[in-house]
Amino acid sequence: MKRRTLLGAAAVSLLSAMASSASGLARSRVRPGDRDWPAPADWGRLRGQVNGRLIEVSSPITPCIGSADRARTAQVFANLRNPYYLGDEAGLTQALGWVDAWTSQPSAYAVAAETTADIVAAVNFARAKKLRLIVKGGGHSYHGASNAAGSLLIWTRRMQTITTHDDFIAKGCEQASVPAATIGAGALWGRAYDEAARQAGRYVQGGGCLTVGVAGLIQGGGFGPFSKAYGLAAASLIEAEIVTADGVVRIANACINPDLFWALKGGGGGSFGVVTRLTLRTHDFPNFFGGVFATIKARSTDAWRRLIARLIAFYAEALFNPHWGEQITFRPGHEIGIGMVFQGLSQKEAEAAWRPFFDWVRNSPQDFTFAQEPAILAAPARDFWSPQFLKGLPGLILSDDRPGAPEGNLFWASNRQEAGQVLHGYQSCWLAKSFLAPERQETLIGALFRATRHWSISLHFNKGLAGAPASAIDAARDTAMNPQVLDAFALAIAGAHGPPAYPGVPGYEPDIAKARQDAAAIDRAMAQLRDLDPSAGSYVSESDFFERDWQTSFWGANYDRLLKVKRQYDPEGLFIVHHGVGSEGWSAE
């Protein structure tokens, strides 16, 4: 039996039965081979309605299953290391699965949507034919929400139009106009950043990974490198266009369908409808964006604990403010990896901020050594996302290496190992700012020390809004996110994965034994942090597939309101994803 699934399966069955009884609905989906599966003529009519943009989906991996053609298989699995290749294939997802949880499987058909009308046709067809319906833009869901075997996929990849506005007013609202950008559902953040800067000289708050989809990140809440300054990405949402389960195109903003608008700001993707476009508030650029990178090793257990303690105190004293974001990783082997970013500081100011800590390390060579010497870099913020600038960052940026690939198809080198990954485990929890108080730091230091006896722990400081400006916190308060994010100084994450792999492919099978060992080690490590606050929640987009009490963990007191919105706009459960709002009454099958 899979981890933690015995009681969960019983609970889901009971909830499903109760929901079916209460609603009188046949809560099931028609699959290929079933008597009611649409006939070829039905699919032909849908193809006509979407102007030929209905495609039969296949995965490049399928021919490799059981194949003796090692050269072809090797080429396919080499391609899987390219996130743009993954995104351009309707039958693939950015991660290939999670051991003991899910495996990426192609849909039966996909509508490669280019217009809102395409999406309306697909939604109406899926509802009428009782099909499993899936939505994919960037395809980055760790929980497998952007794939399902035998489903109809609404694939928004081609909907990438980006338009900036000097003065935008949400429809039906009497508000002051603001600078904004309207972004298609299939756009990726790397292009959104570059377009907003080139078209309007403005910054749009989004994610750190250049290949993450804009729509999915916003619906999950959304953190980026500079969230400590600009807040949640979802809090910048001014207006969305969405196709709901009844096939109606709706505008959602603070004045029209305000409850649906609120749910889209952090209530999770794939649960309330298909977002076709979003309009986001844009911001003035600071003078500079920059980063700080270093790796430090402690030579003994005692020195390791002192290093953790000094770094936590240093963060609380010097970095707990809107200038700083990203992460520091505490690793087994007495090693700390620093990968921080900053905004609004010059390189000299950033160097001055870190000098006391780095001097402290250098003054104890008997205890500490730099495995990677500190590097502090800054650049004009407006140029930071341009392909020309990014390509000039040696060792940090890679390009889509396919012939004819667009110049802007870039990704962080660190994302190479994540492309096509098979997850072994992944957990997160919010860390309250109270642990930074001098009298409570020792509690946090001890937990981090104990956790690294088992696994690496990364503190993502930009994924907690404590320390952000009051305006950013107030805006986040009006989203569906778990309110704990307002008081958290960081999100603690522990994860493990293996290289691209797939069941049944000779030489590329997932390493199940190692995956389970890694998952158990992550459990032990994260238990040390969860013991600090057993009520600490988790971030829906970066969380455990097997999350206990996920409704409260992801959304806290906001869940009941989200469920009411779900029942209003999708009463029959056309849009269901794993641990999504309203999924209690459905099983994975």
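**Entry 1: contacts of Ser146**

I count two residues as in contact when heavy atoms lie within 4.5 Å. The model I am looking at is a predicted one. With that in mind I looked up Ser146: setting aside residues up to four places away in sequence, it touches Thr93, Ile134, Val135, Lys136, Gly139, Ser141 and Leu153. Ser146 itself is found in the loop between strand 5 (133-136) and strand 6 (152-155).

Is Ser146 buried or exposed? Its relative accessible area is 7%, so Ser146 is buried, the cut-off being under 20%.

**Entry 2: over to Lys136**

Lys136 was on that contact list, and I followed it next. Lys136 is found in strand 5, and its relative accessibility is 3%, so Lys136 counts as buried too. Leaving aside neighbours within four places in sequence, I find Lys136 in contact with Glu89, Ala90, Gly91, Leu92, Thr93, Ser146, Leu153, Ile154, Trp155, Thr156 and Arg157.

**Entry 3: cavities**

How many cavities of 30 Å³ or more does a search of the whole structure find? I get 3. The largest cavity holds about 50 Å³ of space. I noted that 13 residues line this largest cavity, and the closest to its centre are Ala90, Gln105, Ser107, Ser146 and Asn147. My friend Ser146 turns up again here.

**Entry 4: aromatic pairs**

A search of the whole structure gave me 42 aromatic pairs. I looked at Tyr203 and Phe289: the ring centres are 5.7 Å apart and the planes stand at 70 degrees, so this pair is edge-to-face, since planes over 60 degrees apart count that way. This pair links distant parts of the chain, with Tyr203 in strand 9 (residues 203-204) and Phe289 in strand 13 (residues 288-298), 86 residues apart. Both Tyr203 and Phe289 are buried.

I then opened Phe358 and Phe370, another edge-to-face pair, at 5.8 Å centre to centre and 70 degrees between the planes. Phe358 belongs to helix 11 (residues 347-362) and Phe370 to strand 16 (residues 368-380), 12 residues apart. Phe358 and Phe370 are buried as well.

**Entry 5: a cluster and the cores**

Tyr203 and Phe289 also belong to one aromatic cluster, along with Trp189, Tyr193, Phe226, Tyr230, Phe285, Phe384, Trp385 and Phe389. I picked Trp385 to follow: apart from neighbours within four places in sequence, it is in contact with Tyr193, Asp194, Tyr203, Leu210, Phe226, Phe289, Leu390 and Trp412. Trp385 is also among the residues with the most contacts inside the largest nonpolar core, together with Trp98, Trp189, Val214 and Ile218; that core has 83 residues.

A second, separate core has 57 residues, including Ala303, Trp324, Leu444 and Phe449.

Which ones are the buried residues of helix 13? They are Gln441, Leu444, Ile445, Gly446, Ala447, Leu448, Phe449 and Ala451. I see these residues packing against helix 10 (301-319), strand 14 (324-331), strand 19 (422-432), strand 20 (457-460), strand 21 (488-498) and helix 15 (512-530).

Last, I checked charges over rings. Arg305 lies over the face of Phe449, at 5.2 Å from the ring centre. Arg561 lies over the face of Trp262, at 3.8 Å from the ring centre.

Notes. Residues numbered from 1 in each chain as written. Predicted model: local features only at pLDDT ≥ 70, side-chain atom pairs only at ≥ 80, totals over all residues. Heavy atoms only, no water. Phe/Tyr/Trp six-rings, centres within 6.5 Å; stacked < 30°, edge-to-face > 60°. Helix = DSSP H or I, 4+ residues; strand = E, 2+ residues; numbered from the N terminus. Buried < 20%, exposed > 50% of the residue type's maximum accessible area, 1.4 Å probe, protein only. Lys NZ or Arg CZ within 6 Å of the ring centre and 35° of its normal. Core = buried A, V, L, I, M, F, W, Y, C linked by side-chain atoms within 4.5 Å. 1 Å grid on protein atoms, 1.4 Å probe; cavity = no way out; pocket = protein on both sides within 12 Å on 5 of 7 lines; lining within 4 Å. Points joined across faces, edges and corners; volume = space filled by probe spheres on them.
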